[in-house]
Amino acid sequence: MRNVVIALMVVLVASTATAQVTVQEYPLPPRLRVHDVWADPAPNGPVWFSAQRSGQLGRLDPKIGRVDLIELGPNSAPHGVILDAAGAPWLTDGGQNAIVRVDPATHAVTKWPLPEARGYVNLNTAIFDRGGIHWFTGQNGVYGRLNPKTGELKVFDAPKGRGPYGIHVTPEGVVYYASLAGSHIARIDAATDRAAVIEPPTSGQGARRVWSDSKGVIWVSEWVSGQVSRYDPRTGQWRQWKAPGSRPRVYAVYVDERDQVWVSDWSAQVMLRFDPATEKFESFKSSSGTADVRQIHGRRGEIWTPESAADKLVVYRYR
């Protein structure tokens, strides 16, 4: 395990001059290729991240800037990281083709390998439903579920093959995932384990990640079209908004506690905040020339981003 204690503070203002956002940057050790991030909901709580290149789980203490790195095992290459209800981190580890849990106190690693008959599935991201079931995606055309209490793990063929990527759950406990290669989203029926395809209006849009707002409305980041789209399960209706710029590439999406929508744009290398009420975007930028922000997460008053190209964690604090 390695530790580093360093933090850099920078203050920026939204490009629209309507709001001020404090930006704090936490440089990480080099060559980690930080991928996804998940913030403990407690104020000043730890922020966990996946280090894909080095095969480690990272833990940042934002109060002092300390970073702990935890080895996950041979051939590890973690993609997604989430926390369970007890605050333990779970990872989708593509290198080990396994679901991994780390004890936050002892750093003990527990693994659930996928069935050998499935081969390499290119594990992506995961989420827990209200019943504590761990749902996950694999880009090679699968989604699956793990019951942490029994250890039962099931893998299912995605209805349209390759592409399952981002995944999230609504406040009611309904799980949705996005298919990047399949350009659609899907709703999982927990009673039958079946995924029902929901087609967005824009064909070939490259739906990459999904996130639910407080009302169960699904927001989608569309990589190919450069749009942020919204699907309302109650009405079945969609709406779309093109991100600013000539050729935006919208990677990740996250909805904060006020139902403001945050997305990362790889073309302009900025964070965007979208207000559904005004239908306006605001733009925020770190000090990195190339950030390549992947999964976004947050807690009250904070948006956390992993800059995979710069090996940084960056937090955008707002009021």
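Figure 1. Asp-157 counts as exposed, at 55% relative accessibility; exposed here means over 50% relative accessible area, buried under 20%, and partly exposed in between, with a 1.4 Å probe and protein chains only. This is a predicted model, so local features need pLDDT of at least 70 and side-chain atom pairs count only at pLDDT 80 or more, while totals for chains, interfaces and linings use all residues. Residues are numbered from 1 along each chain as its sequence is written, and side-chain values use heavy atoms, with hydrogens and water left out. Arg-118 comes in as partly exposed, at 29% relative accessibility. The side chains of Arg-118 and Asp-157 meet in a salt bridge at 2.6 Å, N to O; the term covers a side-chain nitrogen of Lys or Arg within 4 Å of a carboxyl oxygen of Asp or Glu. Arg-118 sits in the loop between strand E11 (109-113) and strand E12 (123-128), and Asp-157 in strand E15 (residues 153-157), so the pair ties together parts that are 39 residues apart in sequence. Strands (E) are DSSP runs of at least two residues, helices (H or I) of at least four, and both are numbered from the N terminus.

**Figure 2. Arg-209 and Asp-36, a buried pair.** Here the side chains of Arg-209 and Asp-36 form a salt bridge at 3.3 Å, N to O. Arg-209 belongs to strand E20 (residues 207-212) and Asp-36 to strand E4 (residues 34-39), so this pair ties together parts that are 173 residues apart in sequence.

**Figure 3. Asp-68 and Arg-66.** Another salt bridge joins the side chains of Asp-68 and Arg-66, at 3.0 Å, N to O.

**Figure 4. A salt-bridge network.** Arg-299, Glu-302 and Arg-317 are linked in a network of salt bridges. Across the structure there are 16 salt bridges.

**Figure 5. Stepping back to the chain.** You'll find zero helices and 30 strands in this chain. Its radius of gyration, taken over C-alpha atoms, is 18 Å, close to the 20 Å that the globule rule gives for 319 residues, so the chain is as compact as a globular protein of that length. That rule is 2.2 Å times the number of residues to the power 0.38. Buried residues make up 59% of the 319 residues in the chain.
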